[in-house]
Amino acid sequence: MENYKKIKCGKLYDGIQAKLQEEMEILVCGKYIKEVGHNLPCPEGTEEIDLSHLSVTPGMIDAHVHPQFFSWRDLYKDVIFNSDGYRALATYHTAEKALHGGFTTIRSIGWFRESYELDVKRAISEGYLPGARMVVAAHILASSGSHGDMSQVVRSHPQLSDFLESTYVGTGNGPDFFQAAVRREKKIGGDFIKIMATGGFATPNDDPDDIQMSDGEFKAVFDTAKELKIPVTAHVYGTRLMQKLIGFGITGMEHGSLMDKETAKMFEATGTYLVPTFCPYQDAIEGDEESMSMKSPEFCRKLHFYQERLRRGREAILESNIKLGYGTDLVAVHESYESGWEYSAWLRSGADPFRALQAATKNNAEICGVEKIAGTIEKGKYADISGWGRDLLKDENALRDCSFVMKEGKVYQAESYVDL
(Lines give C-alpha, C1' and ligand atoms only; values in the text may rest on other atoms or scores of the structure.)
Protein backbone atom coordinates (compact mmCIF):
# COMPACT_ATOMS: atom_id res chain seq x y z
CA MET A 1 0.00 0.00 0.00
CA GLU A 2 1.35 3.40 -0.98
CA ASN A 3 2.08 5.83 1.82
CA TYR A 4 0.55 9.27 1.21
CA LYS A 5 1.11 12.51 3.12
CA LYS A 6 -0.48 15.89 2.43
CA ILE A 7 1.36 18.98 3.63
CA LYS A 8 -0.64 22.16 4.18
CA CYS A 9 1.68 25.14 3.74
CA GLY A 10 1.35 28.58 5.27
CA LYS A 11 3.46 30.09 2.51
CA LEU A 12 5.33 28.17 -0.17
CA TYR A 13 8.56 29.03 -1.93
CA ASP A 14 8.87 26.31 -4.56
CA GLY A 15 12.36 27.14 -5.84
CA ILE A 16 10.94 28.08 -9.24
CA GLN A 17 8.98 31.30 -8.77
CA ALA A 18 10.37 34.31 -6.90
CA LYS A 19 7.37 34.60 -4.61
CA LEU A 20 5.70 33.08 -1.58
CA GLN A 21 2.49 31.35 -2.60
CA GLU A 22 -0.45 31.26 -0.19
CA GLU A 23 -2.54 28.24 0.91
CA MET A 24 -0.66 25.71 -1.17
CA GLU A 25 -0.60 21.96 -0.55
CA ILE A 26 1.95 19.27 -1.36
CA LEU A 27 0.88 15.66 -1.85
CA VAL A 28 3.68 13.21 -1.12
CA CYS A 29 3.61 9.56 -2.16
CA GLY A 30 6.40 7.50 -0.65
CA LYS A 31 9.66 9.31 -1.43
CA TYR A 32 8.23 11.56 -4.12
CA ILE A 33 6.13 14.66 -4.63
CA LYS A 34 2.91 13.57 -6.32
CA GLU A 35 1.15 16.92 -6.76
CA VAL A 36 1.47 20.59 -5.79
CA GLY A 37 -1.53 22.91 -5.75
CA HIS A 38 -4.66 24.12 -3.98
CA ASN A 39 -7.22 21.84 -2.27
CA LEU A 40 -5.61 18.67 -3.54
CA PRO A 41 -7.73 15.52 -3.51
CA CYS A 42 -5.95 12.65 -1.80
CA PRO A 43 -6.50 8.93 -1.24
CA GLU A 44 -8.22 7.62 1.86
CA GLY A 45 -5.86 7.23 4.79
CA THR A 46 -3.56 10.08 3.72
CA GLU A 47 -1.65 11.55 6.66
CA GLU A 48 -2.11 15.29 6.93
CA ILE A 49 0.78 17.46 8.07
CA ASP A 50 -0.29 20.96 9.05
CA LEU A 51 2.46 23.49 8.33
CA SER A 52 0.02 26.37 7.94
CA HIS A 53 2.04 28.33 10.50
CA LEU A 54 5.29 27.95 8.54
CA SER A 55 6.95 29.06 5.33
CA VAL A 56 7.73 25.91 3.33
CA THR A 57 10.66 25.54 0.94
CA PRO A 58 12.56 22.82 -0.86
CA GLY A 59 15.12 21.15 1.38
CA MET A 60 18.01 23.57 1.44
CA ILE A 61 21.40 22.76 -0.12
CA ASP A 62 24.81 23.94 1.09
CA ALA A 63 27.26 23.74 -1.81
CA HIS A 64 30.49 24.42 0.10
CA VAL A 65 30.92 22.37 3.28
CA HIS A 66 34.02 21.09 5.09
CA PRO A 67 32.39 18.38 7.23
CA GLN A 68 35.56 16.70 8.49
CA PHE A 69 35.75 18.08 12.03
CA PHE A 70 33.39 18.15 15.01
CA SER A 71 34.38 21.70 15.99
CA TRP A 72 36.04 24.45 13.97
CA ARG A 73 38.50 24.82 16.84
CA ASP A 74 39.97 21.42 15.87
CA LEU A 75 40.85 22.49 12.33
CA TYR A 76 44.58 22.94 12.83
CA LYS A 77 44.87 20.10 15.34
CA ASP A 78 43.55 17.78 12.65
CA VAL A 79 46.90 17.79 10.85
CA ILE A 80 48.55 15.83 13.68
CA PHE A 81 46.04 14.50 16.15
CA ASN A 82 42.95 13.20 14.31
CA SER A 83 42.75 9.77 12.75
CA ASP A 84 40.96 8.97 9.51
CA GLY A 85 38.26 7.18 11.51
CA TYR A 86 37.68 10.16 13.77
CA ARG A 87 37.41 12.37 10.70
CA ALA A 88 34.84 10.01 9.17
CA LEU A 89 32.73 10.19 12.34
CA ALA A 90 32.92 13.98 12.23
CA THR A 91 31.82 13.95 8.60
CA TYR A 92 28.75 11.94 9.49
CA HIS A 93 28.02 14.19 12.47
CA THR A 94 28.00 17.20 10.15
CA ALA A 95 25.68 15.49 7.65
CA GLU A 96 23.26 14.49 10.40
CA LYS A 97 23.20 17.93 12.02
CA ALA A 98 22.79 19.64 8.63
CA LEU A 99 19.70 17.51 7.95
CA HIS A 100 18.12 18.46 11.28
CA GLY A 101 18.79 22.09 10.39
CA GLY A 102 16.74 21.85 7.18
CA PHE A 103 19.61 21.29 4.73
CA THR A 104 18.82 18.00 3.02
CA THR A 105 21.86 18.02 0.70
CA ILE A 106 25.44 19.12 1.34
CA ARG A 107 28.34 19.32 -1.09
CA SER A 108 31.57 18.30 0.60
CA ILE A 109 34.30 20.31 -1.03
CA GLY A 110 37.25 18.01 -0.34
CA TRP A 111 40.00 17.62 2.25
CA PHE A 112 43.74 17.07 2.25
CA ARG A 113 43.56 13.94 4.44
CA GLU A 114 41.37 10.87 4.21
CA SER A 115 37.96 11.30 5.82
CA TYR A 116 36.16 8.44 4.09
CA GLU A 117 33.47 10.84 2.95
CA LEU A 118 32.53 8.51 0.11
CA ASP A 119 31.80 5.80 2.68
CA VAL A 120 29.67 8.20 4.72
CA LYS A 121 27.84 9.25 1.55
CA ARG A 122 27.24 5.59 0.70
CA ALA A 123 25.92 4.70 4.18
CA ILE A 124 23.49 7.63 4.04
CA SER A 125 22.34 6.95 0.48
CA GLU A 126 21.77 3.27 1.25
CA GLY A 127 19.58 4.22 4.21
CA TYR A 128 21.76 2.87 7.02
CA LEU A 129 22.33 6.30 8.59
CA PRO A 130 20.09 9.39 8.61
CA GLY A 131 21.79 12.46 7.22
CA ALA A 132 21.88 15.04 4.49
CA ARG A 133 22.46 13.67 1.01
CA MET A 134 26.13 14.12 0.16
CA VAL A 135 27.82 15.24 -3.05
CA VAL A 136 31.54 14.67 -2.60
CA ALA A 137 34.95 15.73 -3.84
CA ALA A 138 37.00 13.11 -2.03
CA HIS A 139 40.22 15.13 -1.85
CA ILE A 140 41.56 18.60 -2.51
CA LEU A 141 44.04 18.63 -5.41
CA ALA A 142 46.81 21.10 -4.63
CA SER A 143 50.47 21.91 -5.25
CA SER A 144 53.19 21.72 -2.61
CA GLY A 145 53.17 24.67 -0.23
CA SER A 146 49.83 25.92 -1.52
CA HIS A 147 46.72 26.85 0.43
CA GLY A 148 45.70 23.21 0.11
CA ASP A 149 48.92 21.87 1.65
CA MET A 150 48.11 21.78 5.36
CA SER A 151 51.53 20.40 6.25
CA GLN A 152 52.55 24.04 6.56
CA VAL A 153 50.88 24.00 9.98
CA VAL A 154 54.16 22.38 11.15
CA ARG A 155 56.37 24.40 8.78
CA SER A 156 58.78 25.18 11.64
CA HIS A 157 59.78 21.48 11.48
CA PRO A 158 60.57 21.05 7.75
CA GLN A 159 61.24 17.30 7.93
CA LEU A 160 57.92 16.66 9.65
CA SER A 161 56.16 19.00 7.21
CA ASP A 162 57.64 17.14 4.24
CA PHE A 163 56.64 13.78 5.70
CA LEU A 164 53.07 14.89 6.24
CA GLU A 165 52.87 16.28 2.71
CA SER A 166 53.94 12.88 1.40
CA THR A 167 50.83 11.35 3.00
CA TYR A 168 48.41 13.71 1.19
CA VAL A 169 47.23 11.87 -1.93
CA GLY A 170 45.99 15.07 -3.57
CA THR A 171 49.12 17.17 -3.04
CA GLY A 172 51.92 17.16 -5.59
CA ASN A 173 53.51 18.89 -8.54
CA GLY A 174 53.61 18.65 -12.32
CA PRO A 175 51.14 17.75 -15.06
CA ASP A 176 51.66 14.00 -14.66
CA PHE A 177 50.78 14.16 -10.96
CA PHE A 178 47.58 16.10 -11.56
CA GLN A 179 46.52 13.91 -14.47
CA ALA A 180 46.89 10.84 -12.27
CA ALA A 181 45.14 12.54 -9.35
CA VAL A 182 42.07 13.36 -11.45
CA ARG A 183 41.95 9.78 -12.70
CA ARG A 184 42.14 8.47 -9.14
CA GLU A 185 39.34 10.76 -7.90
CA LYS A 186 37.13 9.49 -10.70
CA LYS A 187 38.10 5.88 -9.99
CA ILE A 188 37.19 5.99 -6.32
CA GLY A 189 33.81 7.60 -7.01
CA GLY A 190 34.26 11.33 -6.50
CA ASP A 191 31.39 13.42 -7.84
CA PHE A 192 33.59 16.34 -8.90
CA ILE A 193 37.16 17.63 -8.78
CA LYS A 194 38.23 20.45 -6.44
CA ILE A 195 41.52 22.24 -7.13
CA MET A 196 43.20 24.71 -4.81
CA ALA A 197 44.32 27.06 -7.54
CA THR A 198 45.22 30.10 -5.46
CA GLY A 199 46.44 31.17 -2.04
CA GLY A 200 44.12 31.88 0.82
CA PHE A 201 43.40 33.92 3.91
CA ALA A 202 44.04 31.36 6.64
CA THR A 203 47.41 29.97 5.54
CA PRO A 204 50.60 31.83 6.57
CA ASN A 205 52.95 32.08 3.60
CA ASP A 206 50.72 32.70 0.61
CA ASP A 207 48.39 35.36 -0.68
CA PRO A 208 44.79 35.32 -2.02
CA ASP A 209 46.06 36.80 -5.31
CA ASP A 210 48.64 34.04 -5.85
CA ILE A 211 48.30 31.52 -8.67
CA GLN A 212 49.57 28.24 -7.23
CA MET A 213 49.38 25.91 -10.23
CA SER A 214 51.13 26.21 -13.59
CA ASP A 215 49.34 26.37 -16.94
CA GLY A 216 50.62 22.86 -17.67
CA GLU A 217 49.10 21.58 -14.42
CA PHE A 218 45.80 23.33 -15.15
CA LYS A 219 45.72 21.83 -18.64
CA ALA A 220 46.34 18.35 -17.25
CA VAL A 221 43.42 18.73 -14.83
CA PHE A 222 40.94 20.13 -17.33
CA ASP A 223 41.86 17.86 -20.26
CA THR A 224 41.67 14.75 -18.08
CA ALA A 225 38.44 15.81 -16.37
CA LYS A 226 36.82 16.54 -19.74
CA GLU A 227 37.70 13.09 -21.04
CA LEU A 228 36.42 11.45 -17.85
CA LYS A 229 33.27 13.61 -17.81
CA ILE A 230 33.76 14.84 -14.27
CA PRO A 231 33.19 18.52 -13.39
CA VAL A 232 35.88 20.75 -11.87
CA THR A 233 35.58 23.61 -9.43
CA ALA A 234 38.35 25.77 -8.02
CA HIS A 235 39.21 27.68 -4.87
CA VAL A 236 39.95 31.17 -6.21
CA TYR A 237 39.91 34.77 -5.01
CA GLY A 238 41.69 37.04 -7.47
CA THR A 239 40.49 38.22 -10.87
CA ARG A 240 43.68 37.27 -12.74
CA LEU A 241 43.13 33.60 -11.91
CA MET A 242 39.36 33.71 -12.40
CA GLN A 243 39.88 34.96 -15.94
CA LYS A 244 42.54 32.30 -16.60
CA LEU A 245 40.23 29.50 -15.39
CA ILE A 246 37.37 30.72 -17.56
CA GLY A 247 39.81 30.44 -20.46
CA PHE A 248 40.41 26.80 -19.54
CA GLY A 249 36.64 26.20 -19.73
CA ILE A 250 35.89 25.73 -16.04
CA THR A 251 32.15 25.50 -15.29
CA GLY A 252 32.23 27.01 -11.80
CA MET A 253 34.33 28.42 -8.99
CA GLU A 254 34.29 28.88 -5.22
CA HIS A 255 34.67 32.22 -3.36
CA GLY A 256 35.62 34.79 -6.03
CA SER A 257 35.73 37.32 -3.20
CA LEU A 258 37.98 39.84 -5.01
CA MET A 259 35.65 40.03 -8.03
CA ASP A 260 35.54 43.06 -10.32
CA LYS A 261 33.00 44.13 -12.94
CA GLU A 262 35.11 43.04 -15.93
CA THR A 263 35.49 39.52 -14.55
CA ALA A 264 31.82 39.38 -13.58
CA LYS A 265 30.89 40.03 -17.21
CA MET A 266 33.07 37.07 -18.24
CA PHE A 267 31.18 34.85 -15.80
CA GLU A 268 27.89 36.09 -17.23
CA ALA A 269 28.95 35.59 -20.85
CA THR A 270 30.15 32.01 -20.29
CA GLY A 271 27.47 30.90 -17.80
CA THR A 272 30.17 30.09 -15.25
CA TYR A 273 28.66 29.70 -11.78
CA LEU A 274 30.09 31.09 -8.55
CA VAL A 275 29.59 29.86 -4.99
CA PRO A 276 30.64 33.08 -3.25
CA THR A 277 30.80 31.95 0.43
CA PHE A 278 29.98 35.35 1.92
CA CYS A 279 29.81 34.32 5.57
CA PRO A 280 33.54 33.78 6.34
CA TYR A 281 34.30 37.35 5.23
CA GLN A 282 31.24 39.10 6.67
CA ASP A 283 33.20 40.29 9.70
CA ALA A 284 35.73 42.01 7.43
CA ILE A 285 32.95 43.54 5.32
CA GLU A 286 31.34 44.98 8.46
CA GLY A 287 34.54 45.70 10.39
CA ASP A 288 33.63 43.33 13.23
CA GLU A 289 36.91 43.24 15.13
CA GLU A 290 35.64 40.81 17.78
CA SER A 291 34.74 38.18 15.18
CA MET A 292 37.96 38.68 13.21
CA SER A 293 40.01 38.25 16.38
CA MET A 294 38.62 34.71 16.78
CA LYS A 295 40.45 33.67 13.62
CA SER A 296 44.14 32.87 13.26
CA PRO A 297 46.60 35.78 13.22
CA GLU A 298 47.34 35.16 9.53
CA PHE A 299 43.63 35.12 8.68
CA CYS A 300 42.98 38.30 10.67
CA ARG A 301 45.94 40.17 9.13
CA LYS A 302 44.86 39.36 5.58
CA LEU A 303 41.23 40.29 6.25
CA HIS A 304 42.39 43.74 7.31
CA PHE A 305 44.72 44.07 4.31
CA TYR A 306 42.06 43.04 1.79
CA GLN A 307 39.10 44.65 3.54
CA GLU A 308 38.30 47.27 0.90
CA ARG A 309 38.77 44.86 -1.99
CA LEU A 310 36.48 42.37 -0.24
CA ARG A 311 33.82 45.07 0.03
CA ARG A 312 34.15 46.03 -3.63
CA GLY A 313 34.15 42.36 -4.63
CA ARG A 314 30.94 41.73 -2.70
CA GLU A 315 29.29 44.63 -4.49
CA ALA A 316 30.46 43.41 -7.90
CA ILE A 317 29.08 39.93 -7.24
CA LEU A 318 25.67 41.10 -6.05
CA GLU A 319 25.31 43.70 -8.79
CA SER A 320 26.05 41.08 -11.45
CA ASN A 321 23.86 38.48 -13.13
CA ILE A 322 26.26 35.65 -12.34
CA LYS A 323 24.59 32.33 -11.55
CA LEU A 324 25.22 32.16 -7.81
CA GLY A 325 25.23 29.16 -5.53
CA TYR A 326 24.94 29.15 -1.74
CA GLY A 327 27.88 27.83 0.26
CA THR A 328 29.20 28.44 3.75
CA ASP A 329 32.86 27.32 3.91
CA LEU A 330 32.66 27.42 7.72
CA VAL A 331 36.12 26.66 9.08
CA ALA A 332 36.19 29.38 11.75
CA VAL A 333 33.79 30.95 14.28
CA HIS A 334 30.77 28.77 13.31
CA GLU A 335 30.33 25.00 13.10
CA SER A 336 30.31 23.43 9.64
CA TYR A 337 26.66 22.31 9.89
CA GLU A 338 25.34 25.80 10.76
CA SER A 339 24.52 26.47 7.12
CA GLY A 340 21.94 29.15 7.86
CA TRP A 341 24.67 31.68 8.68
CA GLU A 342 25.23 32.25 4.97
CA TYR A 343 21.66 33.53 4.58
CA SER A 344 22.38 36.15 7.21
CA ALA A 345 25.42 37.34 5.27
CA TRP A 346 23.40 37.62 2.04
CA LEU A 347 20.62 39.65 3.65
CA ARG A 348 23.03 41.87 5.60
CA SER A 349 24.77 42.59 2.29
CA GLY A 350 21.52 43.79 0.74
CA ALA A 351 20.87 40.75 -1.46
CA ASP A 352 17.36 40.00 -2.70
CA PRO A 353 16.08 37.22 -0.40
CA PHE A 354 14.65 35.35 -3.38
CA ARG A 355 18.06 35.34 -5.06
CA ALA A 356 19.55 33.81 -1.92
CA LEU A 357 16.75 31.23 -1.70
CA GLN A 358 17.17 30.31 -5.37
CA ALA A 359 20.91 29.95 -4.81
CA ALA A 360 20.29 27.53 -1.92
CA THR A 361 17.73 25.45 -3.82
CA LYS A 362 17.40 25.38 -7.62
CA ASN A 363 20.85 26.76 -8.45
CA ASN A 364 22.64 24.54 -5.96
CA ALA A 365 20.81 21.47 -7.20
CA GLU A 366 22.17 22.21 -10.67
CA ILE A 367 25.67 22.92 -9.32
CA CYS A 368 25.60 19.65 -7.36
CA GLY A 369 24.21 17.66 -10.28
CA VAL A 370 21.05 16.60 -8.39
CA GLU A 371 18.57 18.84 -10.23
CA LYS A 372 16.56 15.83 -11.45
CA ILE A 373 15.70 14.80 -7.90
CA ALA A 374 16.01 17.88 -5.66
CA GLY A 375 16.11 21.67 -5.46
CA THR A 376 12.49 22.48 -6.30
CA ILE A 377 9.06 21.47 -5.09
CA GLU A 378 7.40 19.99 -8.15
CA LYS A 379 5.84 16.76 -9.27
CA GLY A 380 8.28 13.88 -9.62
CA LYS A 381 11.05 15.29 -7.42
CA TYR A 382 12.07 13.75 -4.11
CA ALA A 383 10.02 15.07 -1.21
CA ASP A 384 12.86 17.10 0.28
CA ILE A 385 10.92 19.77 2.17
CA SER A 386 11.79 22.21 4.96
CA GLY A 387 9.63 24.51 7.06
CA TRP A 388 10.63 27.76 8.74
CA GLY A 389 8.86 29.76 11.45
CA ARG A 390 10.62 33.05 10.82
CA ASP A 391 10.01 35.57 8.04
CA LEU A 392 12.16 34.37 5.15
CA LEU A 393 12.14 37.75 3.46
CA LYS A 394 13.11 39.89 6.44
CA ASP A 395 14.70 37.81 9.18
CA GLU A 396 18.42 37.17 8.62
CA ASN A 397 18.28 34.23 11.07
CA ALA A 398 15.44 32.48 9.26
CA LEU A 399 17.54 29.59 7.92
CA ARG A 400 19.19 28.99 11.28
CA ASP A 401 15.85 28.13 12.88
CA CYS A 402 14.33 25.07 11.21
CA SER A 403 10.87 23.96 12.35
CA PHE A 404 10.22 21.04 9.97
CA VAL A 405 12.33 18.83 7.75
CA MET A 406 11.46 15.97 5.41
CA LYS A 407 13.93 14.11 3.24
CA GLU A 408 12.68 11.67 0.59
CA GLY A 409 9.25 11.61 2.22
CA LYS A 410 10.46 10.83 5.74
CA VAL A 411 10.05 13.39 8.53
CA TYR A 412 13.07 14.06 10.77
CA GLN A 413 13.42 16.06 13.96
CA ALA A 414 14.08 19.71 13.19
CA GLU A 415 16.59 21.74 15.20
CA SER A 416 17.23 25.42 15.74
CA TYR A 417 20.84 26.60 15.74
CA VAL A 418 20.06 30.20 16.61
CA ASP A 419 21.35 30.02 20.18
CA LEU A 420 24.63 28.21 19.42
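## A first stop: Pro297

Pro297 sits in helix H11, which spans residues 297-305. At 65% relative accessibility, Pro297 counts as exposed. Pro297 and Phe192 are 105 residues apart in sequence, and their C-alpha atoms are 32 Å apart in space.

Before going on, a word on how to read this model. It is predicted, so local features need pLDDT of at least 70 and side-chain atom pairs count only at pLDDT 80 or more, while totals for chains, interfaces and linings use all residues. Residues are numbered from 1 along each chain as its sequence is written, and side-chain values use heavy atoms, leaving out hydrogens and water.

## The whole protein

The secondary structure comes to 14 helices and 17 strands. Along the principal axes, the C-alpha atoms fill a box of roughly 70 × 40 × 40 Å. The radius of gyration, taken over C-alpha atoms, is compared with a globule rule of 2.2 Å times the number of residues to the power 0.38. For 420 residues, a compact globule would come near 22 Å, and the protein agrees with its 21 Å.

Of the 420 residues, 61% are buried. Among contacts (heavy atoms within 4.5 Å) with a separation of 6 or more, 68% are between residues 24 or more positions apart. The protein exposes about 16800 Å², and carbon and sulfur atoms supply 49% of that area. Accessible areas come from the Shrake-Rupley method with a 1.4 Å probe, and for residues only the protein chains shown count as cover.

Which residues of H4 are buried? They are Ser161, Leu164 and Glu165. Seen down the axis of H4, these buried residues fall within an arc of 100 degrees, so they line one face of the helix. The arc is that of the directions from the helix axis to the C-beta atoms. An α-helix has 3.6 residues a turn, so residues three or four places apart point the same way. H1 and strand E10 (171-172) are among the elements that cover the buried residues of H4. On the other side of H4, Gln159, Asp162, Phe163 and Ser166 are exposed.

Ile80, Phe81, Leu160 and Phe163 make a nonpolar surface patch of about 420 Å². Helix H1 (78-81) and helix H4 (158-166) are the elements that give two or more residues to the nonpolar patch. Patches are built from residues with over 30% relative accessible area and no salt bridge, joining like charges within 9 Å and nonpolar side chains (Val, Leu, Ile, Met, Phe, Trp, Tyr) within 5 Å. Leu160 lies in helix H4 and counts as partly exposed, at 31% relative accessibility.

## Salt bridges

How many salt bridges does a search of the whole structure find? It finds 24. Each is a side-chain nitrogen of Lys or Arg within 4 Å of a carboxyl oxygen of Asp or Glu. One of them joins the side chains of Lys6 and Glu25, at 3.6 Å from N to O. This pair links distant parts of the chain, 19 residues apart: Lys6 is in strand E1 (residues 4-12) and Glu25 in strand E3 (residues 25-29). Both Lys6 and Glu25 are buried.

Lys244 and Asp215 form another salt bridge, with the closest N and O atoms 2.8 Å apart. Here too distant parts of the chain are linked, 29 residues apart, with Lys244 in helix H7 (residues 239-247) and Asp215 in helix H6 (residues 215-228). Lys244 is partly exposed at 26% relative accessible area, and Asp215 is partly exposed at 43%. Salt bridges that share partners also join Lys31, Arg133, Asp384 and Glu408 into one network.

## Helix H13, mostly covered

Is helix H13 (residues 341-348) mostly covered or mostly exposed? It is mostly covered, with 7 of its 8 residues buried. The buried residues are Trp341, Glu342, Tyr343, Ser344, Ala345, Trp346 and Leu347. Their cover includes helix H9 (282-286), helix H12 (307-319) and helix H14 (353-368). After H13 comes Gly350, with a positive phi near 85 degrees.

Methods
Helix = DSSP H or I, 4+ residues; strand = E, 2+ residues; numbered from the N terminus. Buried < 20%, exposed > 50% of the residue type's maximum accessible area, 1.4 Å probe, protein only.
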